[in-house]
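Could you walk me through this model in my viewer, one selection at a time? I am new to this and would like to know what to click on and what I will find there.

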Amino acid sequence: MVTFLPRLPGRLADVPSFDRAIGGAESNVACTLARTGHTTRWISRVGTDGFGDHLLTAIADCGVDVSHVRRDPLRPTGVYFRTAGDRATDTHEVAYYRAGSAASAMTADGLDPAALRAGRILHLSGITAALSADCLGLLQELTARRPGRPLLSFDVNYRPGLWRDTARARVLLDLARGADLVFVGDDEARDAWDLHGPRAISRALPEPQLLVVKQGKAGATVFRRTGEPDFRRTGGPDFRRTGEPDGRRDDGTATFVPALNVDLVAATGAGDAFAAGFLSATLRGLPDRDRLRHGHLWAAAALTVPGDLATPPSRPYADRLAALDDTAWERLHLGPGWTDADVSGRRADEEVPTQ
(Lines give C-alpha, C1' and ligand atoms only; values in the text may rest on other atoms or scores of the structure.)
Protein backbone atom coordinates (compact mmCIF):
# COMPACT_ATOMS: atom_id res chain seq x y z
CA MET A 1 0.00 0.00 0.00
CA VAL A 2 0.82 3.65 -0.09
CA THR A 3 0.78 5.02 3.45
CA PHE A 4 -0.04 8.61 4.34
CA LEU A 5 1.63 9.74 7.56
CA PRO A 6 0.32 12.83 9.40
CA ARG A 7 2.58 15.83 9.66
CA LEU A 8 0.95 16.83 12.95
CA PRO A 9 -0.60 14.90 15.83
CA GLY A 10 -4.35 14.82 16.19
CA ARG A 11 -7.48 13.26 14.78
CA LEU A 12 -7.68 12.44 11.09
CA ALA A 13 -10.45 15.01 10.86
CA ASP A 14 -8.04 17.70 12.08
CA VAL A 15 -4.72 16.78 10.41
CA PRO A 16 -4.26 19.19 7.47
CA SER A 17 -1.50 17.38 5.55
CA PHE A 18 0.27 14.06 5.20
CA ASP A 19 3.57 12.69 3.93
CA ARG A 20 3.52 9.78 1.49
CA ALA A 21 5.42 6.58 2.31
CA ILE A 22 5.33 2.90 1.45
CA GLY A 23 3.46 0.47 3.68
CA GLY A 24 2.48 -3.16 3.88
CA ALA A 25 3.70 -5.86 6.24
CA GLU A 26 5.33 -8.17 3.68
CA SER A 27 7.06 -5.39 1.74
CA ASN A 28 8.30 -3.86 5.01
CA VAL A 29 9.91 -7.17 5.96
CA ALA A 30 11.42 -7.62 2.49
CA CYS A 31 12.85 -4.08 2.43
CA THR A 32 14.33 -4.36 5.90
CA LEU A 33 15.99 -7.69 5.12
CA ALA A 34 17.34 -6.37 1.83
CA ARG A 35 18.90 -3.38 3.57
CA THR A 36 21.14 -5.73 5.54
CA GLY A 37 22.30 -7.82 2.60
CA HIS A 38 19.70 -10.58 2.29
CA THR A 39 18.27 -11.42 -1.14
CA THR A 40 14.54 -10.76 -1.10
CA ARG A 41 11.65 -10.84 -3.54
CA TRP A 42 8.25 -9.19 -3.11
CA ILE A 43 5.29 -10.79 -4.91
CA SER A 44 2.05 -8.81 -5.10
CA ARG A 45 -0.31 -6.81 -7.34
CA VAL A 46 -0.51 -3.03 -7.72
CA GLY A 47 -2.46 -0.76 -10.03
CA THR A 48 -1.11 0.89 -13.15
CA ASP A 49 -1.56 4.22 -11.39
CA GLY A 50 1.06 6.59 -10.03
CA PHE A 51 0.86 5.06 -6.56
CA GLY A 52 1.76 1.68 -8.03
CA ASP A 53 4.71 3.28 -9.83
CA HIS A 54 5.84 4.82 -6.55
CA LEU A 55 5.65 1.53 -4.65
CA LEU A 56 7.63 -0.41 -7.23
CA THR A 57 10.33 2.24 -7.42
CA ALA A 58 10.64 2.73 -3.66
CA ILE A 59 10.69 -0.99 -2.84
CA ALA A 60 13.18 -1.75 -5.63
CA ASP A 61 15.39 1.07 -4.33
CA CYS A 62 15.66 -0.87 -1.07
CA GLY A 63 17.22 -3.74 -3.02
CA VAL A 64 14.11 -5.93 -3.32
CA ASP A 65 13.34 -7.89 -6.49
CA VAL A 66 9.94 -6.64 -7.74
CA SER A 67 9.99 -8.43 -11.10
CA HIS A 68 7.10 -10.70 -10.06
CA VAL A 69 4.73 -7.90 -9.06
CA ARG A 70 1.73 -7.83 -11.40
CA ARG A 71 0.20 -4.56 -12.65
CA ASP A 72 -3.59 -4.40 -12.69
CA PRO A 73 -5.12 -1.93 -15.19
CA LEU A 74 -8.63 -2.30 -13.73
CA ARG A 75 -8.01 -1.89 -10.00
CA PRO A 76 -6.25 0.84 -8.01
CA THR A 77 -3.30 0.55 -5.66
CA GLY A 78 -4.44 0.38 -2.03
CA VAL A 79 -3.84 3.32 0.29
CA TYR A 80 -4.34 4.06 3.96
CA PHE A 81 -4.14 7.00 6.32
CA ARG A 82 -3.26 6.86 9.98
CA THR A 83 -2.80 9.15 12.95
CA ALA A 84 0.51 9.56 14.72
CA GLY A 85 -0.61 7.84 17.93
CA ASP A 86 0.29 4.39 19.15
CA ARG A 87 -2.00 1.59 17.88
CA ALA A 88 -2.49 0.49 21.48
CA THR A 89 -4.23 3.72 22.48
CA ASP A 90 -7.83 4.78 21.92
CA THR A 91 -6.69 7.89 20.03
CA HIS A 92 -5.14 5.90 17.17
CA GLU A 93 -7.09 5.98 13.92
CA VAL A 94 -6.54 4.09 10.67
CA ALA A 95 -8.53 4.62 7.48
CA TYR A 96 -8.03 1.78 4.99
CA TYR A 97 -8.96 2.17 1.32
CA ARG A 98 -8.26 -1.34 0.07
CA ALA A 99 -11.60 -2.77 -0.98
CA GLY A 100 -11.38 -3.55 -4.68
CA SER A 101 -7.65 -2.80 -4.77
CA ALA A 102 -5.24 -4.58 -7.08
CA ALA A 103 -3.80 -6.58 -4.18
CA SER A 104 -7.26 -7.79 -3.17
CA ALA A 105 -7.50 -9.62 -6.52
CA MET A 106 -4.54 -11.92 -5.85
CA THR A 107 -5.24 -15.62 -6.34
CA ALA A 108 -3.16 -18.76 -6.18
CA ASP A 109 -3.61 -19.27 -9.94
CA GLY A 110 -2.31 -15.78 -10.63
CA LEU A 111 1.09 -16.24 -8.98
CA ASP A 112 4.18 -17.99 -10.30
CA PRO A 113 4.75 -21.15 -8.19
CA ALA A 114 8.46 -21.19 -9.05
CA ALA A 115 8.88 -17.64 -7.77
CA LEU A 116 7.12 -18.54 -4.52
CA ARG A 117 9.28 -21.60 -3.94
CA ALA A 118 12.62 -20.10 -4.92
CA GLY A 119 13.50 -18.60 -1.52
CA ARG A 120 14.67 -20.25 1.65
CA ILE A 121 11.79 -18.63 3.54
CA LEU A 122 8.33 -17.63 2.32
CA HIS A 123 6.91 -14.92 4.59
CA LEU A 124 3.16 -14.24 4.71
CA SER A 125 0.91 -11.92 6.70
CA GLY A 126 -2.61 -12.33 8.05
CA ILE A 127 -3.44 -8.87 6.71
CA THR A 128 -3.55 -10.32 3.20
CA ALA A 129 -6.16 -12.88 4.29
CA ALA A 130 -8.52 -10.05 5.28
CA LEU A 131 -8.50 -8.31 1.90
CA SER A 132 -10.89 -10.60 0.02
CA ALA A 133 -12.16 -14.15 -0.34
CA ASP A 134 -9.59 -14.66 -3.11
CA CYS A 135 -6.76 -13.52 -0.86
CA LEU A 136 -7.93 -15.81 1.93
CA GLY A 137 -7.99 -18.68 -0.55
CA LEU A 138 -4.46 -17.77 -1.61
CA LEU A 139 -3.16 -17.95 1.95
CA GLN A 140 -4.99 -21.20 2.60
CA GLU A 141 -3.29 -22.64 -0.46
CA LEU A 142 0.15 -21.39 0.54
CA THR A 143 -0.11 -22.58 4.16
CA ALA A 144 -1.19 -26.10 3.19
CA ARG A 145 1.56 -28.49 4.24
CA ARG A 146 3.03 -29.90 1.04
CA PRO A 147 6.46 -31.30 0.17
CA GLY A 148 8.89 -28.92 -1.46
CA ARG A 149 7.74 -25.62 -0.02
CA PRO A 150 10.21 -23.24 1.64
CA LEU A 151 10.12 -22.66 5.37
CA LEU A 152 6.74 -20.96 5.82
CA SER A 153 6.78 -17.88 8.06
CA PHE A 154 3.45 -16.34 9.08
CA ASP A 155 2.87 -13.10 10.96
CA VAL A 156 -0.71 -13.08 12.30
CA ASN A 157 -0.93 -9.26 12.10
CA TYR A 158 -4.50 -9.08 13.36
CA ARG A 159 -6.03 -5.70 12.50
CA PRO A 160 -9.52 -5.13 13.96
CA GLY A 161 -10.25 -2.56 11.25
CA LEU A 162 -9.94 -5.28 8.62
CA TRP A 163 -11.91 -7.93 10.54
CA ARG A 164 -15.25 -6.39 11.45
CA ASP A 165 -16.48 -9.78 12.61
CA THR A 166 -14.15 -11.13 15.30
CA ALA A 167 -15.44 -14.66 14.74
CA ARG A 168 -14.11 -14.58 11.17
CA ALA A 169 -10.66 -13.69 12.49
CA ARG A 170 -10.34 -17.19 13.91
CA VAL A 171 -9.39 -18.26 10.41
CA LEU A 172 -6.01 -16.70 11.22
CA LEU A 173 -5.52 -19.46 13.79
CA ASP A 174 -6.04 -22.08 11.08
CA LEU A 175 -3.55 -20.34 8.80
CA ALA A 176 -0.99 -20.17 11.62
CA ARG A 177 -1.34 -23.91 12.18
CA GLY A 178 -0.11 -24.49 8.64
CA ALA A 179 3.08 -22.47 9.11
CA ASP A 180 6.53 -23.55 10.28
CA LEU A 181 7.31 -20.25 12.03
CA VAL A 182 4.60 -18.01 13.52
CA PHE A 183 4.74 -14.47 14.93
CA VAL A 184 1.83 -13.28 17.06
CA GLY A 185 1.34 -10.63 19.73
CA ASP A 186 -0.24 -11.71 22.99
CA ASP A 187 -2.71 -8.83 22.56
CA GLU A 188 -3.64 -10.09 19.08
CA ALA A 189 -4.23 -13.62 20.37
CA ARG A 190 -6.39 -12.27 23.17
CA ASP A 191 -8.53 -10.07 20.93
CA ALA A 192 -8.85 -12.42 17.95
CA TRP A 193 -8.84 -15.85 19.60
CA ASP A 194 -9.63 -15.23 23.29
CA LEU A 195 -6.28 -16.77 24.25
CA HIS A 196 -4.60 -15.28 27.30
CA GLY A 197 -0.85 -15.51 27.81
CA PRO A 198 2.06 -17.12 25.94
CA ARG A 199 1.47 -20.63 27.32
CA ALA A 200 -2.16 -20.64 26.23
CA ILE A 201 -1.13 -19.49 22.77
CA SER A 202 1.52 -22.21 22.60
CA ARG A 203 -1.01 -24.88 23.56
CA ALA A 204 -3.38 -23.67 20.84
CA LEU A 205 -0.61 -23.78 18.21
CA PRO A 206 1.20 -27.11 18.56
CA GLU A 207 1.94 -27.42 14.83
CA PRO A 208 4.56 -24.71 14.10
CA GLN A 209 8.12 -25.67 14.91
CA LEU A 210 8.82 -22.12 16.08
CA LEU A 211 6.23 -19.86 17.72
CA VAL A 212 7.20 -16.30 18.64
CA VAL A 213 4.85 -14.57 21.08
CA LYS A 214 5.45 -10.82 21.29
CA GLN A 215 4.61 -9.39 24.71
CA GLY A 216 4.80 -5.68 24.05
CA LYS A 217 7.13 -3.69 26.28
CA ALA A 218 7.89 -6.77 28.36
CA GLY A 219 9.68 -8.67 25.59
CA ALA A 220 9.09 -11.81 23.53
CA THR A 221 9.11 -15.57 23.97
CA VAL A 222 9.99 -18.17 21.36
CA PHE A 223 8.59 -21.68 21.78
CA ARG A 224 10.55 -24.34 19.93
CA ARG A 225 9.02 -27.72 19.24
CA THR A 226 11.17 -30.81 18.82
CA GLY A 227 13.25 -30.60 15.65
CA GLU A 228 14.82 -27.66 13.85
CA PRO A 229 13.48 -26.87 10.36
CA ASP A 230 16.42 -27.37 8.00
CA PHE A 231 15.35 -25.10 5.14
CA ARG A 232 18.79 -25.16 3.51
CA ARG A 233 18.09 -28.58 2.07
CA THR A 234 16.77 -28.99 -1.45
CA GLY A 235 13.06 -29.67 -1.49
CA GLY A 236 11.92 -27.53 1.43
CA PRO A 237 12.11 -27.85 5.20
CA ASP A 238 13.10 -31.17 6.69
CA PHE A 239 12.02 -31.43 10.33
CA ARG A 240 14.47 -33.65 12.15
CA ARG A 241 12.02 -34.82 14.80
CA THR A 242 12.85 -36.89 17.83
CA GLY A 243 9.22 -37.09 18.99
CA GLU A 244 6.44 -39.47 18.19
CA PRO A 245 6.25 -40.97 14.66
CA ASP A 246 2.65 -39.84 14.21
CA GLY A 247 3.79 -36.22 14.10
CA ARG A 248 2.93 -35.18 17.66
CA ARG A 249 5.40 -32.76 19.18
CA ASP A 250 6.57 -32.56 22.75
CA ASP A 251 6.37 -29.35 24.74
CA GLY A 252 9.79 -28.25 23.46
CA THR A 253 11.61 -25.28 24.94
CA ALA A 254 10.72 -21.68 25.70
CA THR A 255 13.17 -18.76 25.57
CA PHE A 256 12.25 -15.27 26.80
CA VAL A 257 14.21 -12.10 26.02
CA PRO A 258 13.17 -8.73 27.51
CA ALA A 259 12.53 -5.81 25.19
CA LEU A 260 14.85 -2.82 25.03
CA ASN A 261 14.37 0.61 26.57
CA VAL A 262 13.59 2.90 23.65
CA ASP A 263 12.79 6.60 23.24
CA LEU A 264 9.62 6.12 21.22
CA VAL A 265 9.03 8.21 18.11
CA ALA A 266 6.29 6.11 16.47
CA ALA A 267 5.08 2.58 17.19
CA THR A 268 4.06 1.59 13.65
CA GLY A 269 6.29 -0.78 11.73
CA ALA A 270 7.92 -2.28 14.81
CA GLY A 271 6.26 -5.68 14.39
CA ASP A 272 7.44 -6.01 10.80
CA ALA A 273 10.95 -4.94 11.81
CA PHE A 274 10.96 -7.48 14.64
CA ALA A 275 9.96 -10.24 12.21
CA ALA A 276 12.71 -9.18 9.79
CA GLY A 277 15.34 -9.22 12.52
CA PHE A 278 14.26 -12.64 13.73
CA LEU A 279 14.18 -14.00 10.18
CA SER A 280 17.63 -12.59 9.45
CA ALA A 281 19.05 -14.36 12.49
CA THR A 282 17.15 -17.54 11.55
CA LEU A 283 18.68 -17.51 8.07
CA ARG A 284 22.08 -17.27 9.72
CA GLY A 285 21.36 -20.18 12.06
CA LEU A 286 21.75 -18.16 15.28
CA PRO A 287 20.44 -19.51 18.61
CA ASP A 288 16.96 -18.59 19.79
CA ARG A 289 18.10 -15.97 22.29
CA ASP A 290 20.04 -14.13 19.59
CA ARG A 291 17.13 -14.39 17.15
CA LEU A 292 14.90 -12.64 19.68
CA ARG A 293 17.56 -10.04 20.41
CA HIS A 294 17.97 -9.25 16.72
CA GLY A 295 14.20 -8.92 16.52
CA HIS A 296 14.20 -6.46 19.42
CA LEU A 297 17.09 -4.47 17.92
CA TRP A 298 15.46 -4.14 14.52
CA ALA A 299 12.17 -3.22 16.19
CA ALA A 300 14.02 -0.53 18.15
CA ALA A 301 15.21 0.91 14.84
CA ALA A 302 11.60 1.23 13.68
CA LEU A 303 10.40 2.64 16.99
CA THR A 304 12.88 5.52 16.81
CA VAL A 305 11.81 6.84 13.37
CA PRO A 306 8.46 8.41 12.36
CA GLY A 307 7.58 6.11 9.43
CA ASP A 308 6.84 2.41 9.04
CA LEU A 309 10.23 1.58 7.55
CA ALA A 310 13.63 2.09 9.20
CA THR A 311 17.19 1.21 8.29
CA PRO A 312 18.23 -1.53 10.74
CA PRO A 313 21.62 -1.58 12.46
CA SER A 314 24.50 -3.01 10.49
CA ARG A 315 25.03 -6.73 10.93
CA PRO A 316 28.33 -6.38 12.87
CA TYR A 317 26.78 -3.76 15.15
CA ALA A 318 23.67 -5.85 15.81
CA ASP A 319 25.79 -8.94 16.45
CA ARG A 320 27.88 -7.12 19.04
CA LEU A 321 24.81 -5.84 20.85
CA ALA A 322 23.11 -9.22 20.70
CA ALA A 323 26.18 -10.79 22.33
CA LEU A 324 25.99 -8.60 25.46
CA ASP A 325 25.48 -10.26 28.82
CA ASP A 326 22.02 -10.03 30.36
CA THR A 327 22.88 -7.07 32.59
CA ALA A 328 24.32 -5.02 29.74
CA TRP A 329 21.38 -5.92 27.49
CA GLU A 330 18.86 -4.70 30.05
CA ARG A 331 20.89 -1.49 30.50
CA LEU A 332 20.68 -0.49 26.83
CA HIS A 333 18.67 2.66 26.15
CA LEU A 334 18.21 3.51 22.48
CA GLY A 335 17.18 6.83 21.01
CA PRO A 336 16.73 8.34 17.53
CA GLY A 337 19.83 7.90 15.40
CA TRP A 338 21.25 5.00 17.38
CA THR A 339 21.70 2.83 14.29
CA ASP A 340 24.15 5.40 12.90
CA ALA A 341 26.56 4.93 15.79
CA ASP A 342 30.17 4.24 14.80
CA VAL A 343 31.08 0.85 16.27
CA SER A 344 34.78 0.79 15.42
CA GLY A 345 37.10 0.45 18.37
CA ARG A 346 34.49 0.81 21.09
CA ARG A 347 32.56 -1.52 23.35
CA ALA A 348 29.04 -2.21 22.16
CA ASP A 349 27.43 -1.14 25.43
CA GLU A 350 29.19 2.24 25.18
CA GLU A 351 28.12 2.97 21.62
CA VAL A 352 24.42 3.38 22.12
CA PRO A 353 22.95 6.89 22.51
CA THR A 354 21.27 7.19 25.88
CA GLN A 355 19.26 9.79 27.73
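Here is a tour in a few stops, from the sheets to the helices and then to single residues. Keep in mind as you go that this is a predicted model.

**Stop 1: the four-stranded sheet**

Start by selecting β1, β2, β5 and β6. They form an open sheet in the order β2-β1-β5-β6, and the pairing is mixed. Strands of a sheet pair through backbone hydrogen bonds, either parallel or antiparallel. Look at the two edges, β2 (18-22) and β6 (94-97): each has a single partner strand, so one side of each is left without a neighbour in the sheet. From one strand to the next, the twist averages 20°.

Now zoom in on β1 (residues 2-6) and β2, which pair in the antiparallel sense over five bridges.

**Stop 2: the six-stranded sheet**

Next, select β7 through β12. These six strands make an open sheet in the order β7-β8-β9-β10-β11-β12, with mixed pairing. Which strands stand at the edges? They are β7 (121-125) and β12 (253-258), each with a single partner strand, so one side of each has no neighbour in the sheet. Neighbouring strands here are turned by 15° against each other on average, direction ignored.

Pick out β10 (residues 210-214) and β11 (residues 219-224), an antiparallel pair joined over five bridges. Within this pair, K214 stands opposite A220 in β11. Now show α7, which packs on the sheet and touches β9 (181-185) and β10, its direction making about 80° with that of β9. Show α10 too: it packs on the sheet against β10, β11 and β12, and its direction makes about 35° with that of β12.

**Stop 3**

Residues making the contact include F274, F278 and S280 of α9, and L292, W298 and L303 of α10. What kinds of residues make up this contact? They divide into eleven nonpolar, six polar and two charged.

**Stop 4**

Select H38, in the loop between α1 (25-34) and β3 (45-47). Its relative accessibility is 13%, so H38 counts as buried, the cut-off being under 20%. Leaving aside neighbours within four places in sequence, H38 is in contact with L33, S280, L283 and R315. The side chain of H38 makes a polar contact with the side chain of S280 at 2.7 Å, and another with the side chain of R315 at 3.3 Å.

**Stop 4: two positive phi angles**

Finish with a pair of loop residues. N157 sits in the loop between β8 (151-155) and α6 (171-177). Although N157 is not a glycine, it has a positive phi of about 50°. D194 lies in the loop between α7 (186-193) and α8 (198-204), and its phi is near 60°, a positive value in a residue other than glycine. Buried or exposed: which is each one? N157 is buried, with a relative accessible area of 5%, whereas D194 is exposed, at 56%.

Methods:
Residues are numbered from 1 along each chain as its sequence is written. This is a predicted model: local features need pLDDT of at least 70, side-chain atom pairs count only at pLDDT 80 or more; totals for chains, interfaces and linings use all residues. Side-chain values use heavy atoms; hydrogens and water are left out. Buried means under 20% relative accessible area, exposed over 50%, partly exposed in between (1.4 Å probe, protein chains only). A polar contact is a pair of N or O atoms within 3.5 Å; within protein, one must be able to donate a hydrogen and the other to accept it, and residues adjacent in sequence count only if both atoms are side-chain atoms. Contact means heavy atoms within 4.5 Å. Ala, Val, Leu, Ile, Met, Phe, Trp, Tyr, Cys and Pro count as nonpolar, Asp, Glu, Lys and Arg as charged, and the others, Gly among them, as polar. Two strands pair if DSSP finds at least two bridges between them. Axes are lines fitted to C-alpha atoms, for helices over the stretch in contact, and angles run from 0 to 180 degrees between N-to-C directions.
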